[in-house]
Amino acid sequence: MEKNLPIDWAKAEEAPQKAQKVEGRFLLDLRAKVNDLEKQLTETKADLAQAQDNLASNTNELNSAKTTADSASSELNQASATVNDLNQKLADANSKISELENNISSLSESSESASSELEGANSKISELEGRINQVNTAFTTAISAKNEEIKSLKSEGASSKDEEINSLKAELDAIKSEGSGSEAEVAQLNSQISKLNSKIEELNATISEKDALLGSQKAHLDEVESELGELKPPEISSGGFVSEERITCPMCGAVGSDIKTVEDKSKVLSYVGHIPMYAKKNVCKKCGYEF
């Protein structure tokens with residue numbers, strides 16, 4: 001019986017048109033290898049298709065991430081511009097407040113000076129009133145005495161006393177003149193007092209107006225600071241964009257826009273002129289808890 005040989009690959013390459021005798025098991029092994037290769041090829045194609053799908057998905061996710069990053073960068077730039085604008089407004093408000101404080105300080109000094117002048121004028125008026133009372137008393141006493149002397153001299157009918165009478169009248173006129181001079185000085189002082197009172201009222205009105213303007217500037221400053229805090233740009237860490245640390249309500253756990261910051265009227269930190277500067281406290285909009 002003729003023995004079958006395995007495939008002679010060298011002869012097949014030299015004469016591919018000639019037939020060869022091979023054993024069936026070699027053909028079966030060859031078929032099994034071909035089937036394995038086809039199976040591996042099919043699996044490889046499936047893996048390749050899956051890899052291509054994953055690549056496409058990753059590419060879409062990358063493009064989406066780039067779009068998100070570009071949008072976040074644009075928002076960050078816009079927020080930075082807004083912060084710069086608010087910082088400028090804050091600096092302008094601080095400058096205006098400093099100017100108003102200087103004006104109020106100057107007006108307060110003017111008011112104190114006017115009050116000092118008014119006190120001096122009142123003291124001088126009191127002194128003059130005392131002098132006037134003394135002069136009036138002396139004047140009344142002298143007039144009474146001289147009138148009595150004049151009556152006495154007239155009743156005696158002594159013509160030799162005319163010169164003495166004239167002298168007495170001259171003294172009486174001098175006393176009246178001194179009294180009139182004191183009254184004129186008092187009237188002048190009263191006029192000065194009226195002017196000083198008008199000036200003080202004008203200064204008080206100006207101070208009140210400056211205080212109101214300072215309060216308005218302070219309210220605007222608080223509003224600018226609040227907007228500046230809300231528009232503070234987010235911090236950037238190794239993981240990407242993260243929001244700033246938020247205040248949390250210790251009662252209900254609310255955060256972010258549910259927490260507002262207000263002035264604590266029970267805690268005065270300092271005074272700017274006549275305007276009190278209060279401390280700040282947090283109020284939860286959900287449960288109303290203050291902390």
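The following paragraphs lead through a predicted model of one protein chain, from its overall layout to a few individual side chains.

Residues are numbered from 1 along each chain as its sequence is written, and side-chain values use heavy atoms, with hydrogens and water left out. Because the model is predicted, local features need pLDDT of at least 70 and side-chain atom pairs count only at pLDDT 80 or more, whereas totals for chains, interfaces and linings use all residues.

The chain contains 3 helices and 4 strands, where helices (H or I, at least four residues) and strands (E, at least two) are DSSP runs numbered from the N terminus. Along the sequence these elements follow the pattern α-α-α-β-β-β-β. Of the 291 residues, 20% are buried, a term that stands for under 20% relative accessible area, with exposed meaning over 50% and partly exposed lying in between (1.4 Å probe, protein chains only). The chain exposes about 20,900 Å², of which carbon and sulfur atoms supply 50%; such areas come from the Shrake-Rupley method with a 1.4 Å probe, and for residues only the protein chains shown count as cover. Among contacts (heavy atoms within 4.5 Å) with a separation of 6 or more, residues 24 or more positions apart account for 60%.

We begin with the surface of the helical part. Trp9, Leu27, Leu30 and Val34 form a nonpolar patch with about 370 Å² of accessible area together. Patches of this kind are made of residues with over 30% relative accessible area and no salt bridge, with nonpolar side chains (Val, Leu, Ile, Met, Phe, Trp, Tyr) joined within 5 Å and like charges within 9 Å. Helix H2, which covers residues 24-156, gives the most to this patch, with 3 residues. Valine 34 lies in helix H2 and is partly exposed, its relative accessible area being 35%.

Charged pairs come next. Side chains of opposite charge can pair when their charged atoms come close. A salt bridge is counted when a side-chain nitrogen of Lys or Arg is within 4 Å of a carboxyl oxygen of Asp or Glu, and by this rule the count comes to 4 salt bridges. One of them joins lysine 89 to aspartate 85, with the closest N and O atoms 3.7 Å apart; because the two residues are 4 residues apart in helix H2, they are separated by about one helical turn. Lysine 89 is partly exposed at a relative accessible area of 38%, and aspartate 85 is partly exposed at 39%.

Another salt bridge is formed by lysine 286 and aspartate 258, whose closest N and O atoms are 3.5 Å apart. Lysine 286 lies in the segment after strand S4 (275-284) and aspartate 258 in the loop between strand S2 (240-242) and S3, so the pair ties together parts that are 28 residues apart in sequence. Lysine 286 is exposed, with a relative accessible area of 60%, while aspartate 258 is partly exposed at 23%. A further salt bridge links lysine 265 with glutamate 263 at 3.2 Å, N to O; here lysine 265 is exposed at 56% relative accessibility and glutamate 263 is partly exposed at 21%.

The side chain of aspartate 264 does make a polar contact with the side chain of serine 266, at 2.6 Å. A polar contact is a pair of N or O atoms within 3.5 Å; within protein, one must be able to donate a hydrogen and the other to accept it, and residues adjacent in sequence count only if both atoms are side-chain atoms. Leaving aside residues up to four places away in sequence, aspartate 264 touches Tyr278, Ala279, Lys280 and Lys281.

Asparagine 282 lies in strand S4 and is buried at 16% relative accessibility, and its side chain makes a polar contact with the side chain of threonine 261 at 3.2 Å. Isoleucine 259 is placed in strand S3 and is buried at 12% relative accessibility. Not counting residues up to four places away in sequence, isoleucine 259 touches residues including Asn282, Val283 and Cys284.
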